[in-house]
There are 2 protein chains.
Amino acid sequence: MDAIGIDIGGTKIAGAVVSEDGAILAEERVATEAGSSAAIIDAVVAMVETLSQGRQIEAAGVAAPGFIDVDQSTVYYTPNISWRNEPLRDHLRARLPLDITIDNDANAAGWAEYRFGAGRTVSDMTMLTIGTGVGGAIVSRGSLFRGGFGAGAELGHLRIVPDGLPCGCGAHGCIEQYGSGRALLRMANEIADVGGIGLALADARREHGQLDGSIVGALIADGDPGAVHALEQLGNWLGQACASLSAVLDPELFVFGGGVAVAGELLLAPVREAYRQHVPAKGYHPEPNFVIAELVNNAGVVGAADLARIHSRAR
Amino acid sequence: MDAIGIDIGGTKIAGAVVSEDGAILAEERVATEAGSSAAIIDAVVAMVETLSQGRQIEAAGVAAPGFIDVDQSTVYYTPNISWRNEPLRDHLRARLPLDITIDNDANAAGWAEYRFGAGRTVSDMTMLTIGTGVGGAIVSRGSLFRGGFGAGAELGHLRIVPDGLPCGCGAHGCIEQYGSGRALLRMANEIADVGGIGLALADARREHGQLDGSIVGALIADGDPGAVHALEQLGNWLGQACASLSAVLDPELFVFGGGVAVAGELLLAPVREAYRQHVPAKGYHPEPNFVIAELVNNAGVVGAADLARIHSRAR
C-alpha cells in the first residue's frame with residue numbers, strides 16, 4: 001500500500017506519497033521555520049493531512065537531520081533545528097491517525113538508494129551524503145546499521161585530522177569539515193585568494209559578493225581549473241575517509257549523494273585515487289565500487305516512506 | 001552438543017572442546033610454525049583429531065589472524081603467516097570428517113565476549129583486542145558485523161594520524177601503530193631514552209637487553225611512573241579511536257581484550273578521558289561503557305567453537 005515520506009531539511013520540508021516500488025505519486029514542499037519546533041511539527045502534520053486526502057495510506061515516515069534514539073522516537077540533537085531530546089514521534093502520533101516512524105535523514109536517503117537506486121544490486125553499502133554537511137548511512141546484509149543507541153552511521157563525524165578544524169559537533173577534524181559542500185566553498189575561497197588558477201573564482205566572488213554552491217558548481221561544470229581543483233581536494237579527503245571506513249565497514253559499494261554529488265565523475269575520480277593510495281592491505285581483498293546516488297532529490301522522502309512501511313508491518 | 005574451537009596465533013595454536021554454555025572441557029596447545037602453511041594445517045588437523053577422540057563433536061571452528069572472505073572459506077591475507085588467498089576451509093574439510101567454519105581471530109574473540117563474557121548483557125558492542133597488533137570485532141543487534149567482502153571490523157587499521165607511522169598493512173597512521181602492544185614497547189623505549197620518569201625502564205632495558213611485554217607489564221603493575229605514562233599514551237590514542245568509532249558504530253559497550261588489557265583500569269581511565277574529550281556531539285547521547293574482556297586467554301577458542309556450532313546449524 002502507499003506510504004507517506006516527509007524529509008525535514010534545514011531550509012525546506014519535502015513530502016511525498018510513495019508507492020511500494022518507490023514511485024512518487026504526489027508531492028508537497030514548504031519552507032522550514034528552523035527556529036520553531038512547534039511550527040515544524042505543525043507543517044509536518046498539515047503536509048501529512050494534505051497528502052493523505054482521498055488516499056489509502058499505510059504509514060508515514062519522517063526523516064529528520066540529527067541523532068535519533070534506538071527506539072526511533074526521540075531526536076537527541078539536531079544542529080540546525082532547536083531539537084534537544086525532542087519526543088518527535090509522540091508529538092506526531094498524538095495528532096495524526098497513522099503509524100508514524102522517524103528516522104535520520106541520511107539513513108532514509110541511504111535506504112532509498114539501497115532499495116530503489118544505486119545500491120539495489122548489493123547487500124552491503126555505505127553512503128555519504130555530501131550536502132552542506134556530510135551525512136552517512138550503512139546498509140549491512142540488507143538492513144540499516146543503527147548502532148546500540150541508534151545514532152550510528154554519523155559518518156560526517158569520523159575524525160580525519162587530529163586537532164583539525166573545529167566541527168559543529170564540538171569535536172575537531174571531522175570529515176564534515178573537509179568533505180562537505182561548506183568545505184568546498186572554503187577551499188574555493190582559498191583558491192580564489194591566491195590568484196593563478198583561482199582567477200575565475202575570484203572574478204565570480206567579486207561579481208556576486210560571495211561564492212555559493214551554484215556558482216562553484218557552474219564553474220566546475222565549465223571545467224574551470226580552480227573550481228575543479230577545489231573539488232579534487234574535497235574528493236581526496238573523502239577518498240581517505242573511505243579507506244579508513246573500508247577497514248571498519250568493508251562495503252561492496254560506496255554511494256555519494258547530496259548536492260555536491262551532481263559533479264559525478266569529477267568527484268569520484270579523486271575519491272578512487274585517494275582510496276587506493278590509503279586503503280589498508282591494498283590488493284588483498286576486492287575493491288568496492290564508487291558511484292553517484294540515483295535518487296538525489298527524492299531519496300529522503302522515498303526512504304522515509306519505505307522505512308515507515310517496513311516498521312509498520314513489523315509492529 | 002560440544003564443538004571444537006581452534007585459535008591459530010602467530011606463536012601458538014590453541015584448541016579446546018567447548019560446551020554449549022561456553023565451558024572448556026579439554027585443551028591442547030602447540031607452537032606455530034609460522035613459515036609453513038602445510039605445517040599449520042597439519043597441526044590443526046592433528047589437534048582436531050586428538051580433541052575429538054571419544055567425544056561427540058557437532059562442528060569445529062578455526063580462528064585465524066587476517067582477512068577472511070565473505071563465504072568464510074578463504075584467507076585473503078595474513079600478515080604473520082604466509083597465507084595469500086589460501087582456501088583454508090577446503091583444505092581442512094578434505095581431511096576432517098566434521099563441519100568446519102573459519103573466522104577471523106578477533107571476530108571469534110569478540111563473539112565469545114558477546115555470548116559468554118563482558119558483552120553478554122548488550123546487543124551492540126565493539127571489541128578491540130590489544131595484543132601485538134590491534135584486532136577488532138563488531139556485534140550489532142546480536143550478530144557479528146562482517147562487511148560486504150567479509151573483512152570488516154579490521155579496527156586496527158582505522159587511520160588515526162594522516163601520514164602517520166607506516167603500518168604492516170601498507171597504509172600509514174593506523175591505530176595499530178599507536179594502540180597496540182608493539183606501540184606500547186615503542187613508547188616505553190622512548191621514555192627510557194629520556195631519563196627522568198624513564199629511569200626504571202632504562203634500568204630494566206639494560207638488565208634484560210631489551211624491553212618486552214612482560215617487563216613493561218610488571219613495571220606498570222608496580223606503578224612505575226614511566227611505564228604507566230607509556231600505558232596512558234596508549235589509552236589516550238585508543239580513546240581517540242573509540243570517539244571516531246562511536247560516530248560510525250555507536251556501540252553501547254567497548255570491550256578491551258588481548259594481553260595489554262590485563263592492565264585493567266590503568267588502561268581504561270585514559271581511554272575514557274580521551275573518549276570524552278573527542279567524542280562528537282558530547283552530552284547529546286548516552287555514553288558507552290568501557291570494560292575489560294572476561295575471557296582473555298580463551299576467547300578465541302570459545303568464540304570459534306560457538307560460531308562453528310551456529311554456522312553448522314544454519315546450513
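## Close-up views of a predicted two-chain model

**View 1. Relation between the two copies.** The same surface serves both of them, since 100% of the contact residues of chain A recur in chain B.

**View 2. The contact between chain A and chain B.** To this contact chain A brings 41 residues and chain B brings 41 residues. On the side of chain A that touches chain B, β6 (75-77) and α8 (225-249) of chain A each supply at least two residues, and α8(A) gives the most, with 5 residues. By residue class, that side of chain A divides into 25 nonpolar, 10 polar and 6 charged residues.

**View 3. The open sheet of chain A.** Five strands of chain A form an open sheet with mixed pairing, in the order β3-β2-β1-β4-β8. At its edges stand β3 (24-31) and β8 (100-104) of chain A, each of which has a single partner strand, so one side of each is left without a neighbour in the sheet. Direction ignored, neighbouring strands of this sheet are turned by 15° against each other on average. Within the sheet, strand β1 (residues 3-8) and strand β2 (residues 12-18) of chain A pair in the antiparallel sense over 6 bridges, and A:Ala3 has A:Val18, in β2(A), as its bridge partner.

**View 4. Two helices lying across the sheet strands of chain A.** Helix α1 (residues 37-52) of chain A lies across β1, β2, β3 and β4 (60-64) of chain A, and runs at about 150° to β1(A). Helix α10 (residues 299-314) of chain A lies across β1, β2, β4 and β8 of chain A, and runs at about 130° to β1(A).

**View 5. The largest nonpolar core and the surroundings of A:Val62.** The largest nonpolar core has 226 residues, and those with the most contacts inside it are A:Ile6, A:Ala60 and A:Val62 together with B:Ile6, B:Ala60 and B:Val62. When neighbours within four places in sequence are left aside, A:Val62 is in contact with A:Ile6, A:Ile8, A:Val44, A:Leu92, A:Ile100, A:Ile102 and A:Ala304.

**View 6. A:Ile160 in a loop of chain A.** A:Ile160 has its place in the loop between β11 (143-144) and α4 (176-179) of chain A. This residue counts as buried because it has 22 C-beta neighbours inside 10 Å, where 20 or more are required. Not counting residues up to four places away in sequence, A:Ile160 touches A:Gly173, A:Ile175, A:Tyr178, A:Trp237, A:Gln240 and A:Ala241. A separation of 24 Å is found between the C-alpha atoms of A:Ile160 and A:Leu144, which are 16 residues apart along the chain.

**View 7. B:Thr32 in a loop of chain B.** B:Thr32 is found in the loop between β3 (24-31) and α1 (37-52) of chain B. Because it has 18 C-beta neighbours inside 10 Å, B:Thr32 counts as partly exposed. Its contacts, leaving aside neighbours within four places in sequence, are with B:Ile8, B:Gly9, B:Gly10, B:Thr11, B:Lys12, B:Ile13 and B:Ile40. For one of these residues, B:Ile8, the C-alpha atom is separated by 7.6 Å from that of B:Thr32, although the two residues are 24 residues apart along the chain.

Terms used: Residues numbered from 1 in each chain as written. Chains lettered and ligands numbered in written order. Predicted model: local features only at pLDDT ≥ 70, side-chain atom pairs only at ≥ 80, totals over all residues. Helix = DSSP H or I, 4+ residues; strand = E, 2+ residues; numbered from the N terminus. Buried ≥ 20, exposed ≤ 12 C-beta atoms within 10 Å, placed from the backbone. Contact = placed C-beta atoms within 7 Å. Core = buried A, V, L, I, M, F, W, Y, C linked by C-beta atoms within 7 Å. Nonpolar A, V, L, I, M, F, W, Y, C, P; charged D, E, K, R; others polar. Pairing = 2+ DSSP bridges. Axes fitted to C-alpha atoms, helices over the stretch in contact; angles between N-to-C directions.
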